[in-house]
Amino acid sequence: MDYAVDVKEQEATVRMSGRLTFNDHARMRTLIREMLQNDARRQVIDLANLEFVDSAGIGMLLIAREELSNVQKEFALRGAAGQVKRVFSVAQLGKLITLED
Amino acid sequence: MTATALALYGHGMARDQLRRLADSAGLALWPPDAIDRDLAPAADQGLAPDPSLSPEPSLSIAPAVIAALATPPGAVPDCLWRPPFHAWIEVAGLAVTELAGLVDRVGRYTLFASLTTATAKELALANHLVSALSARQTLRPDTRDDIELAVHEAISNALIHGNLQISSPEGLSINSLERFTSDVARRLTDPSFADRRIEAACTLAPGAVVIEVADQGLGYTPVRSPSGPPPARRPPPGTDHRQTIVPLASGRGLDLIGALADSFEFQDGGRRIVMRFRL
């Protein structure tokens with residue numbers, strides 16, 4: 001998994017690409033820290049270029065949501081497509097995290 | 001498939017080692033004259049076999065090639081996951097008898113892989129296996145995605161919980177993620193964990209594929225009865241999933257496997273999961 005963070009005033013957009021799996025715990029930990037530390041009140045992960053996510057990846061997204069909620073930051077996922085969108089549907093992730101088109 | 005139809009190709013391996021392996025396992029080399037025609041240097045660089053080299057007549061009919069992978073194998077090129085390759089064996093630390101045992105198992109399956117934990121963790125093995133399967137059997141895109149995720153979850157469980165004997169992160173916090181990451185890194189530096197093997201094998205049957213994933217850990221006792229019905233059935237592509245399945249960070253992904261496979265069961269004390277998918 002790779003990502004790039006773009007902070008603009010109230011919203012930080014994280015463009016994520018590649019595969020988000022159990023192999024990305026360390027990188028995801030770093031990303032969550034970045035999202036906690038930047039000044040934007042709202043953090044959005046853009047998943048349009050993410051090819052694959054597994055249950056560990058979903059677990060890490062839930063950890064991001066929890067940690068950001070602890071510091072009163074909003075969190076949303078945007079643009080899931082293909083396999084990622086299908087897994088979110090299977091996991092009914094939309095009940096726990098805001099999903100945007 | 002008989003043993004005589006099998007041949008061996010070396011990826012990232014020295015020519016002497018490859019020749020010894022082929023001799024010890026009673027296998028022909030593929031391409032058969034790779035060594036004499038100086039293909040070994042290409043293999044050392046991880047390049048594909050040269051298709052212009054004509055294999056022996058007996059192999060040209062239906063060659064089934066085992067890719068012997070060095071440790072670490074580095075990037076395995078995509079062409080090594082396409083026919084005629086149908087088995088991938090990392091040869092690190094294998095005794096001759098162990099290699100012979102694996103070669104014997106290769107013949108029982110459509111696809112077969114045996115890798116160390118350290119290597120399996122770095123390779124997107126499920127993705128490669130499903131690509132290899134797609135080269136032999138047309139799969140609908142949704143079906144392909146479902147099989148890949150279920151196999152990936154089974155491999156993740158085998159790696160993390162089976163061979164490395166590590167529990168999932170506890171609780172939804174960055175600290176639990178940190179502990180988990182350092183536990184994995186520490187176990188991977190210990191050869192008694194990192195060298196344990198992951199086996200993944202596919203069998204194509206009429207209208208279905210059976211995929212097995214096995215580890216060498218302490219075993220696993222499933223919460224649900226293995227003989228009982230799976231927790232969920234895969235709905236036809238394009239329909240909504242009816243059950244709420246939210247695999248939390250502490251989950252093993254088994255709910256996902258239950259939702260994606262048509263059935264699954266554990267064998268060998270939980271060290272082997274056997275999943276069946278309708279095609």
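**View 1. The salt bridge between B:D268 and B:R271.** B:D268 is partly exposed, with a relative accessible area of 48%; here buried means under 20% relative accessible area, exposed over 50% and partly exposed in between, with a 1.4 Å probe and protein chains only. B:R271, at a relative accessible area of 24%, is likewise partly exposed. Their side chains meet in a salt bridge at 3.7 Å, N to O; a salt bridge is a side-chain nitrogen of Lys or Arg within 4 Å of a carboxyl oxygen of Asp or Glu. This is a predicted model, in which local features need pLDDT of at least 70 and side-chain atom pairs count only at pLDDT 80 or more, while totals for chains, interfaces and linings use all residues. Residues are numbered from 1 along each chain as its sequence is written, chains are lettered from A and ligands numbered from 1 in the order in which they are written, and side-chain values use heavy atoms, without hydrogens and water.

**View 2. The salt bridge between B:R272 and B:E199.** The two side chains meet at 3.2 Å, N to O. This pair links distant parts of the chain, with B:R272 in strand β9 (residues 272-278) and B:E199 in strand β6 of chain B, 73 residues apart. Helices (H or I, at least four residues) and strands (E, at least two) are DSSP runs, numbered from the N terminus. Both B:R272 and B:E199 are buried.

**View 3. The salt bridge between A:R42 and A:E74.** The side chains of A:R42 and A:E74 meet at 2.9 Å, N to O. A:R42 lies in strand β3 (residues 42-53) of chain A and A:E74 in strand β4 (residues 74-78), so the pair ties together parts that are 32 residues apart in sequence. A:R42 is buried at a relative accessible area of 18%, whereas A:E74 is partly exposed at 32%. Over all chains, the structure holds 22 salt bridges.

**View 4. Helix α6 (residues 125-134) of chain B.** Seven of the 10 residues of α6 are buried, so the helix is largely enclosed by the rest of the structure. Among these buried residues are B:L125, B:H128 and B:L133. Their cover includes β4 (85-90), β5 (111-116), α7 (141-163), β6 (197-205) and β7 (208-214) of chain B, where contact means heavy atoms within 4.5 Å. In chain B, buried residues make up 52% of the 279 residues, and the secondary structure comes to 10 helices and nine strands.
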